[in-house]
Amino acid sequence: MSLDERVRSAVAALLHATGESQTDLAAALGVSQGQVSRRQSGAAAWSLADCDAVAGHYRIDVLALLAGPTRAVESLPADRRRAARRRAGSARRTAAVRGGGAR
């Protein structure tokens, strides 16, 4: 697998693991969703500066991103994972319901 393919795979895995869309990632990077799509399709390459920005967004080391999808997702902080975000949201909804029912 080439480095370009590893980065694209890692970005796809991070998007999946966090539940983010290309639009979410684009907004965080300050680019358009189309630019992210072109990079993910291989029509354009992720630059080293892009890789650094992606790694910073996901709070992982850029070397983990370059290593590929498994290492990138394993390096992802627990609070950035989709399941952790879903549990936190569920806990807030449960607390709101309980608080609302107690009145």
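1. Helices α1 (residues 3-18) and α3 (residues 33-41) cross at roughly 125°, and their axes come within 8 Å. Axes are lines fitted to C-alpha atoms over the stretch in contact, with angles from 0 to 180 degrees between N-to-C directions. The pair is therefore oblique (roughly parallel is under 35 degrees, roughly antiparallel over 145, roughly perpendicular 65 to 115, oblique the rest). Helices are DSSP runs of H or I, at least four residues, numbered from the N terminus.

2. This is a predicted model: local features need pLDDT of at least 70, side-chain atom pairs count only at pLDDT 80 or more, and totals for chains, interfaces and linings use all residues. Residues are numbered from 1 along each chain as its sequence is written, and side-chain values use heavy atoms, without hydrogens and water.

3. On α1, R8, V11 and A12 meet R39, Q40 and S41 of α3. Contact means heavy atoms within 4.5 Å. By class, the residues of this contact are two nonpolar, two polar and two charged (nonpolar: Ala, Val, Leu, Ile, Met, Phe, Trp, Tyr, Cys, Pro; charged: Asp, Glu, Lys, Arg; polar: the others, Gly among them).

4. Helices α2 (residues 22-29) and α4 (residues 48-58) pack at about 105°, axes 10 Å apart. They are therefore roughly perpendicular. L25, A28 and L29 of α2 touch A53, V54, H57 and Y58 of α4. This contact has six nonpolar residues, one polar and no charged.

5. In α4, D50, C51, V54, A55 and Y58 are buried (under 20% relative accessible area, 1.4 Å probe, protein chains only). These residues cover an arc of only 135° around the axis, so they lie on the same side of α4. The arc is taken from the directions from the helix axis to the C-beta atoms. Their cover includes α1, α2, α3 and α5 (62-67).

6. R59 follows α4 and has a positive phi, near 60°.

Definitions and conventions: Helices (H or I, at least four residues) and strands (E, at least two) are DSSP runs, numbered from the N terminus. Buried means under 20% relative accessible area, exposed over 50%, partly exposed in between (1.4 Å probe, protein chains only).
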